[in-house]
Each structure stands twice: as structure tokens, then as C-alpha cells.
Amino acid sequence: MRGQHKKLAAFIFIVIFSALFIFGYHKMKTRGSDGKLEVYNLHQVVTADSSVSRTIMWQASSDYPKPLVEYREEGKDTMIKTPALSQIFTEAGNTSYVYTAEIENLRPGKTYDYRIGYEANRGLWHKMQTPLGSTFEALIFTDSQSASYSGWKSLVRTAADKHPKAELVLMLGDLVDNGEDVQQWHDWFSDISPLAENFPVAPVLGNHETYTLKWKVRMPEAYLHFFVLPKVEPAKYQNQFYSFDYGDVHFMVLNDIDKEMKAFQPDMQKDQIEWLRKDAAATKKKWKVVMVHKDFLQYGFLTRNTPRPEGFSDEGKAYMPLMDELGIDVVLSGHLHTYRRRVRLKEFKPNPQGTLYLLCGLAGDVRYDRLWKLHKLDAYVAPQPETDNYMTMKLTPGSMTFNCYLPDGKKIDSITLRK
Ligand SMILES: [Fe+2]
């Protein structure tokens, strides 16, 4: 009897061990699947004109042959294939296989079905849609950097549920807490997948994207590989700053983490300003919106003994005169982990004809509880102590409205510009 018990115990042990081994191995080998294909971190990225083109990106754990994206207009039979490029990128001992397909010649105002393929194998169908005219809704998030990404996941789901017509995601930097931590990137992409698989994302580079595992500053290699963005001149700044059109809006996305990047690119600010002047002069769009990571105002500390006068940040001093010069309607920023709407500003002073500076609050779990004083230019401050929040941008033929929401979807602020 005792021998039989031993045999049974050994049998159960082998079954459990085998199950754990197989499950663990499978999980290690296939981080995500798309039907029968190994595909993870699938996301759409904005192009210079999202009404006629789209960039589709994803990752896998190896270099699969003949990667492609296959797509067709909803309800139509004609299938079109675009080959994808694969890049192998290694950082901090982790190798990422990153795939990029650049789709051209789409028709404005249409919905498409697309799927990933390797050779003759195909993944699941996903949606993509192209804007038409001047009506659309975008979701805006910033500072999703987290110790645990569960709050970010929940905020994304609330925003997606409450705003089912949103079709564009603006992300104002510090997507992850540590830009070299591969697991954080997987968490970030996995949590935003209900949006990013179906709508284009327009990201801004944040200072946390530059950090190594040892919290030193490096070029933000992971970010630069994971987001293939519209072309920029000089080409050495590719994927750092860019512009794109969406509906009646020309968006200019700047790299304002000048301090972090200066050691690697001493001329970046000067070159970016030159590019921005040319870029803004070339657009005929009705609205001009700038997206940056670091806010242009400086706030005093409420709960730290370090003196820090209220005023304008170094980034603000460098870029705000350009906002006046170029007639920028709105500047969207993040970095301070608090939602603030400020009075409109021109030449650093309140002016109803000036630019609207909106500071988006946090979407992650790094909270700066009561860190900042009020600023005399604040027109609205989110309830304190502050929780996560997200924003929307709604465009109609004559107006642009920004709303700010708490994690339960309750609206706390709204501002409309008319033109
Ligand atoms: Fe930041």
C-alpha cells in the first residue's frame, strides 16, 4: 500500500511538473498570439496624412520569413498585400524582432480590415479607419509610467468604453517608467492594445524613455525602434520629432527633453526650431496643435523645501515665443502629473487671443501628491489629491473642444475654441 502511494505521489508530481514546464515554456516562447501567429505589441502609428496611409507595427520572438500586412476595404473582396520590414534590435540583453508595414493609397473616410502574415500563414482580422473632413475625436494620455500598469490598463478601458467614437490616440510622453525595461514596454503595449490595434497612436518622447536600467541617460533606443514616425529632416532626428495631419488639424510633435538629449545631440534644439518654422509655414490646415512632454510653465513646490519660483520652465522660455510667432492654437504637455488648464497666453502674458496651454495629468501610478503650488496663470486645477485622468479632443467644422475626465469617466473640465 505504501509503495502504491509513493508511485501515485510520483505520478502526480510528474504531471504537475510537466504541466508547469510546458505552460512556462509556452509563455516564455510566445508572449502574445494573433490567431495561430506569434504577434505581440501590435499597434498602428500615425503617418504624415492618416487619411490615405497608415503604419502597422508589431513584434515577435524571432525573425519570421516574409512578414506582411494584408488588408481590404470593409465589405469588399479585393485584398491588397504590403510587405513588412523586420529589424532586429538588442538592448540590455534582450532582442526584439520589430516589424513595420507602411500602407499607402488608402481612401479617406473608409474602414478597412487588416491582418498580419508570415509566408502563407495569417493572423486575426483587425480594423483600421481613415479620417475624412473635419469631425473626429481623439483620446489624450500622458505619463503612463508605472510600477504596476494595472491602473493604466483600467484607464485605457474606461476611456475606450466611454468614448467609442474616438479614432486617434495622442500620448504625451513617459509612456514607461524605464525606457530600457522590456517588460514595461510589453505591459504598456498589451494594456493599450484595445485602442492601438484599431486606431493610430501619435507618441511624444518623454525623459523616462531615455533611462537605462541603471537610471543613466542614453539615446531612447527602444522608443526609437518601436515607433516608426513620419519622416523628418535632418534624418538623424528620425522618430524624435515630427508632424502629421489629422482632419483639419496640423499636429507638430516636438522633442522638448533637450536637457537629457543635449549630451548626444548638442544642436537638436536649434535644428528642431529651424524645422518647426518651415513645417508650420508649409501647412494650410485650419488648426495648429503642438504636442510636447515637458510643460512650459514652472510651478513652485508646495511640499518640498527647495525654492522654485513660479514662472516659465527652460523649455517654455525656449519654445513659447515660437508658439506666438507661428500662431499655434493649442499646446498639449505632460510631465508634472497634474491636470491644469491655464489662461490663454501671448508674450508670456494673459491674452484672450493667445495660445491655449493644456497640461494633461497622469495616466500611471506615479503620483505627485500635493507637490505643486497653484500658479497665477492656472484657470482650472484638477481636484486634489490628484488621481489619474485622461482627456479628449473633439473637432467639429467650427470648434475644437478639450475635456478632462477622472478614472471613472466623470468629466471635470471642458474648454472650447471656435474658429
Ligand atoms: Fe516626464
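**Entry 1: two domains**

I began with the spacing of the domains: the centres of domain 1 and domain 2, taken over C-alpha atoms, are 26 Å apart. The bounds, which come from an automatic or database domain assignment, are 33–129 for domain 1 and 136–418 for domain 2. A note to myself on the source: this is a predicted model, where local features need pLDDT of at least 70, side-chain atom pairs count only at pLDDT 80 or more, and totals for chains, interfaces and linings use all residues. Residues are numbered from 1 along each chain as its sequence is written.

**Entry 2: where the domains touch**

Next I looked up contacts, two residues being in contact if their C-beta atoms, placed from the backbone, lie within 7 Å. I found 25 residues of domain 1 in contact with 25 residues of domain 2. On the domain 1 side, the elements that give two or more residues are strands E3 (40–45), E4 (54–60), E7 (85–91), E8 (94–103) and E11 (126–129). Helices (H or I, at least four residues) and strands (E, at least two) are DSSP runs here, numbered from the N terminus. E3 gives the largest share of that side, 5 residues. I then sorted the domain 1 side by class and got 9 nonpolar, 12 polar and 4 charged residues. For these classes, Ala, Val, Leu, Ile, Met, Phe, Trp, Tyr, Cys and Pro count as nonpolar, Asp, Glu, Lys and Arg as charged, and the others, Gly among them, as polar.

**Entry 3: the sheet that holds E3**

I followed E3 into its sheet, an open one of 10 strands with mixed pairing, in the order E7-E8-E4-E3-E14-E13-E12-E26-E27-E28. E7 and E28 are the edges with a single partner strand each, so one side of each has no neighbour in the sheet. Pairing here asks for at least two bridges between two strands in DSSP. On average, neighbouring strands of this sheet are turned by 25 degrees against each other, direction ignored.

How do E3 and E4 run, and how many bridges join them? They run antiparallel, with 4 bridges. I noted tyrosine 40 opposite glutamine 59 in E4, and glutamine 44 with isoleucine 56 as its bridge partner in E4. Helix H3 packs on this sheet, touching E3, E8, E12 (136–141), E13 (168–171) and E14 (200–203), and its direction makes about 55 degrees with that of E3. Axes are lines fitted to C-alpha atoms, for helices over the stretch in contact, and angles run from 0 to 180 degrees between N-to-C directions.

On its E14 side, E3 pairs in the parallel sense over 2 bridges, and valine 45 stands opposite valine 201 in E14. Is E3 buried or exposed? E3 is largely enclosed by the rest of the structure, because 5 of its 6 residues are buried. Buried means 20 or more other C-beta atoms within 10 Å of a residue's own, exposed means 12 or fewer, and partly exposed lies in between, with C-beta atoms placed from the backbone.

Leaving out residues up to four places away in sequence, I listed the contacts of valine 169 as Ala138, Leu139, Leu195, Ala196, Phe199 and Val201.

**Entry 4: the other sheet**

A further open sheet, also with mixed pairing, has 7 strands in the order E15-E16-E17-E20-E24-E21-E25. Its edge strands are E15 (242–246) and E25 (378–381), each pairing on one side only. Neighbouring strands are turned by 20 degrees on average, direction ignored. Inside it, E17 (residues 287–294) and E20 (residues 330–334) run parallel, joined by 4 bridges, and valine 289 has valine 330 as its bridge partner in E20.

**Entry 5: two single residues**

Where is proline 407? I found proline 407 in the loop between E27 (399–405) and E28 (411–418). Proline 407 counts as partly exposed because it has 15 C-beta neighbours inside 10 Å. Beyond four places in sequence, proline 407 is in contact with Ser154, Leu155, Thr158, Thr387 and Asp388. Proline 407 and serine 154 are 253 residues apart along the chain, with 7.9 Å between their C-alpha atoms.

Last, I looked at alanine 281, which sits in helix H6 (residues 268–282). With 8 C-beta neighbours inside 10 Å, alanine 281 counts as exposed.
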